Amino acid sequence: MTYDTSDKTRRTVLKTVGAAGVVGVAGCLGGDDSSESDNGDGNGGDDQEDRDRSDQNRVPHATIAINDDPTRDDWNHYGGVTPYWTNILEPLVWVSNEMELVPWLATEWEQTGERTWEFSLREGVQFHNGEEVTADEVVFSFENILDEYVWAPGWLHLESGNIEALDTHLVEFTTTDPFPTFPGTIAHNMVAIQHPDRDHTEDRVIGTGPFQVEEIEQHQEVRTSAFEDYWNDEPILEELTFRVIEDPNTRTLSLENREIDVALAPPRSRIASIESDDSLYLDRQSRPGAGYVGINIHKSPTDDVALRQALNHAISQETIVDTILEGVGDPGRGPISPIIYWSAHDEITDYEKDDDLGAELVSESGYDGETLEILVANDLVDGREMAQVIQGSLDGIGVNSDIQVLERAAYSEAERDGEAHLILKESGSNSGDADYIIYEGFHSEGDVNQRLYEEEGTGLHNLGGEVDDLIEQGFQTGDEDEKAAAYKEAQQHIADEAVTIPLYYSEFIAAAHENIDGANLGAVPQFSRWTDLEHWE
Amino acid sequence: MWKFVLQRSVSAVFVLFGVSVLTFLLVFFTPGDPAETILRQQMGGQTPSAEAIQQFRSDQGLNDPIPVQYVDWVTSILQGDLGQSYHSDSSVTQLIIDNLWPTFELALAGMAVALLIAVPTGVISAVHKGGRLDYGSQLAALLGLSMPNFWLGYLLMLVFAIYLSVLPTSGYGTIDQLVLPAITLGTGMAAIITRLLRSSMLEVLDEEYIRTARSKGLRERIVVYKHALRNALIPVITIVGLQFGYLLNGAVIIEIVFQRPGLGRLLIDSIFARDYPIVQGLVLVIAVLFVVTNFLVDVAYRYVDPRISFEGAPK
């Protein structure tokens, strides 16, 4: 077997293609939302037209290396392939890069009662086996998820038997309780619509997506081909392979070796070398997530607001982003990423780095030199290094701290039991419903507070009272402005009371060969679109 | 000999019983609720509801008292059933079978690489004791021992995949995808075997029968390779056997760096995912592999050199 060694000559050719190409390359894969392309994902991805490709030919295939095994047994229920990344299966509702809901297999939806929703299906959409999508398959798909995953009923607020086909293209959902974020919650690949004939023992995944399965090599790769009868814009590539390479360094080396064309999530430590390689480029996409230090406001001494404000003044977000994160991500100002429309990023209190003010606040507080525990999960990328910077910064204002790194499951337990003062964490939504982030993080009955709240009436990062009311108000309203106003006020309280130390807003990165154009990284990266992907010689 | 085999078999059963109890208890004392961890992972990081967690616990029998769970587990193992993964409908037995061959293949190839390097190097080093070749090979062995596997893996990728473009960086299924992992795995072991063989050879070369062989006028090559090496290999067999057992555990780092399936990787992934049935089943299988390998090594040892006896075994 031989491997492509013609890279250097190609590099030389590409260099001469011109400066326009370089400009196009810089932002090639995403972020540009200027195009109103009719694929409806709000991210046209055709910003590479500047590039002169006249002397090059299109190659019909490409390979994308992902960091998660797409053939894991968890996905047997979809026929053996993950609905994430692969574009084989699609949900009723999509989410744009601005976290807005986009009609997908459903063209419209309407709340018809306090607990009922009607979704009209797009007509003429075909499954990969040639059959048309009707309400029956939608009912089947939802029932199947409710049946397969014990968490699904609670997550979707649905129970088996509550999904009904009203006619061929109309489905009614009755939620178990009033659930205003239902459409956002199902804007998620986990609730992909599939044909009942899918069968993982025969590697048969039957969805409606632009790519259909050709071959599955367990734990190695999934080869797909373009689906000619795709209802939306047909893919440009004829074949697309998804290969799993979990080790980030190996993924990048495979890209450099041209075994793959796109490497998702390369290690931050390799960014400089990717950027200095003329044949590679880096794409970035903001995610609806943020890294922050959650402060345990019910444990002494961090129950003192002056001390919490002091801690905020000790940290320089810019330093963390520039040094530890190698420039991936933006300095954070609150716990909610600004790509979520109701984020109050620009308006909430900003604690600027000021050691003198920090030290002053420390002496005003009741802090008596106690050591603060900083809890970090071992799988948070660069978490340990970030914790060290935070520790150093706290030293600067006279606050002692100790870092405790725990394996993820143990971390999760320790966090919920309120064992630490400071908890380094990254939050984010992986569906169109971003309300989840504020509810789970800051409502008394949200994920992180619930255990202690129920047991002792305390919690971790919950302020309770008015903030709970505001979060509930935002959660329950269908009106975007009202939601934004309620959440903004809640975020202002969170900032004033210094419940968190914001660190950064997350970005997802991918590295690609210069001869790859048009990938659309999604705001939720797992929902990235590959229909515009082009591969040039 | 048969009495020896019987005694070893009985002790093996006790060892395995001990392992089963320890494994079973250990996973229950590990922090992190499996129900919550598994569900959270399936939900892509989102939080499962308390009802979902309760439902999962009762579906999987996690609410039963630990002794009851242990008895249930052992009973089904005795019936040949290692249980089901919490994550999917896959049986633990099937998962182990699926991952056994890739690990076995890697261990075998790694061992072949190790022996190919170690046997000639160890012999040359002993024969040229104190010379340049000896120092050179000792230095190489030291390097091989101290180099972390993952680092060597990346280094080999850089050289053979990126610069020379003769081998792929990663993957599983073809021979060329096996070369770099086998070299990575084999090098560390080669270093151990080289050092052992060298000292063993030096000892043997000092023996009287070697002097006798030389004095009979046999060619040095015959003396070294036929008479000395054969006897010097005896301790090496033990190490090779034990190391092979260790390799069968799966060289986790290598499996991760080169993106290969295997038992080591399955174990690590399952521990992090708190997929207890896999962890328990796999640890038990690994213990069996170890016990069996040790047993075979002892028997082989005795077979190669009948003078070797075992405590309690007939002389």
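1. Start with E360(A). In this predicted model, E360(A) has a relative accessibility of 46% and so counts as partly exposed. Helix α10 of chain A carries this residue. E360(A) also belongs to a negative surface patch, together with E318(A), D322(A), D350(A), E352(A), D354(A), D356(A) and E364(A). Two elements of chain A give two or more residues to that patch: α9 (317-324) and α10 (355-364). The largest share is that of α10(A), with 3 residues.

2. Chain B has a patch of another kind. F150(B), W151(B), L155(B), V159(B), Y163(B), L164(B), V166(B) and I253(B) make a nonpolar surface patch of about 770 Å². Helix α7 of chain B, residues 149-163, contributes the most, with 5 residues. F150(B) sits in that helix. Its relative accessibility is 40%, so F150(B) is classed as partly exposed.

3. The fold of chain B is quickly described. Chain B contains 13 helices and 0 strands. Its pattern along the sequence is α-α-α-α-α-α-α-α-α-α-α-α-α. The C-alpha trace spans about 85 × 60 × 30 Å along its principal axes. Of the 315 residues in chain B, 49% are buried.

4. Next, salt bridges. Over all chains, the structure holds 32 of them. One joins the side chains of R284(A) and E507(A), at 3.2 Å from N to O. The partners are 223 residues apart: R284(A) is in strand β13 (residues 280-295) of chain A, and E507(A) is in strand β18 (residues 500-513) of chain A. R284(A) is partly exposed at 27% relative accessibility. E507(A), at 17%, is buried, because the cut-off for buried is under 20%.

5. A second bridge runs between E347(A) and K488(A), also listed at 3.2 Å, N to O. E347(A) has a relative accessible area of 49% and is partly exposed. K488(A) is partly exposed too, with 34%.

6. Which residues belong to the salt-bridge network that includes E415(A) and R416(A)? Begin with that pair. The side chains of E415(A) and R416(A) meet at 3.1 Å, N to O. E415(A) is buried, with a relative accessible area of 4%. R416(A) is buried as well, with 5%. Shared partners join E413(A), E415(A), R416(A), D417(A), K425(A), D447(A), R451(A), E36(B) and R40(B) into one network. Note that the list includes residues of chain A and of chain B.

7. On to aromatics. There are 27 aromatic pairs over all chains. One of them is F173(A) with F182(A), a tilted pair at 5.2 Å centre to centre and 55° between the planes. F173(A) is buried, with 0% relative accessible area. F182(A) is likewise buried, with 0%.

8. Another tilted pair is Y439(A) with F475(A): the ring centres are 5.5 Å apart and the planes stand at 40°. This pair links distant parts of the chain, with its residues 36 apart. Y439(A) is in helix α13 (residues 435-442) of chain A, and F475(A) is in helix α15 (residues 465-476) of chain A. F475(A) has a relative accessibility of 15%, so this residue counts as buried.

9. Ring pairs link W75(A), Y78(A), Y84(A), W94(A), W104(A), Y230(A), W231(A) and F527(A) into a cluster.

10. Last, F242(A). Is F242(A) buried or exposed? Its relative accessibility is 0%, so F242(A) counts as buried. The residue is found in strand β11 (residues 239-244) of chain A. F242(A) and D69(A) are 173 residues apart in sequence, yet 9.5 Å apart in space, C-alpha to C-alpha.

Note on methods:
Residues numbered from 1 in each chain as written. Chains lettered and ligands numbered in written order. Predicted model: local features only at pLDDT ≥ 70, side-chain atom pairs only at ≥ 80, totals over all residues. Heavy atoms only, no water. Patch = residues over 30% accessible without salt bridge, like charges linked within 9 Å, V, L, I, M, F, W, Y side chains within 5 Å. Areas by Shrake-Rupley, 256 points an atom, 1.4 Å probe, with all protein chains shown as cover. Salt bridge = Lys/Arg side-chain N within 4 Å of Asp/Glu carboxyl O. Lys, Arg positive; Asp, Glu negative; His and termini not counted. Charge placed at Lys NZ, Arg CZ, Asp CG, Glu CD. Helix = DSSP H or I, 4+ residues; strand = E, 2+ residues; numbered from the N terminus. Buried < 20%, exposed > 50% of the residue type's maximum accessible area, 1.4 Å probe, protein only. Phe/Tyr/Trp six-rings, centres within 6.5 Å; stacked < 30°, edge-to-face > 60°.
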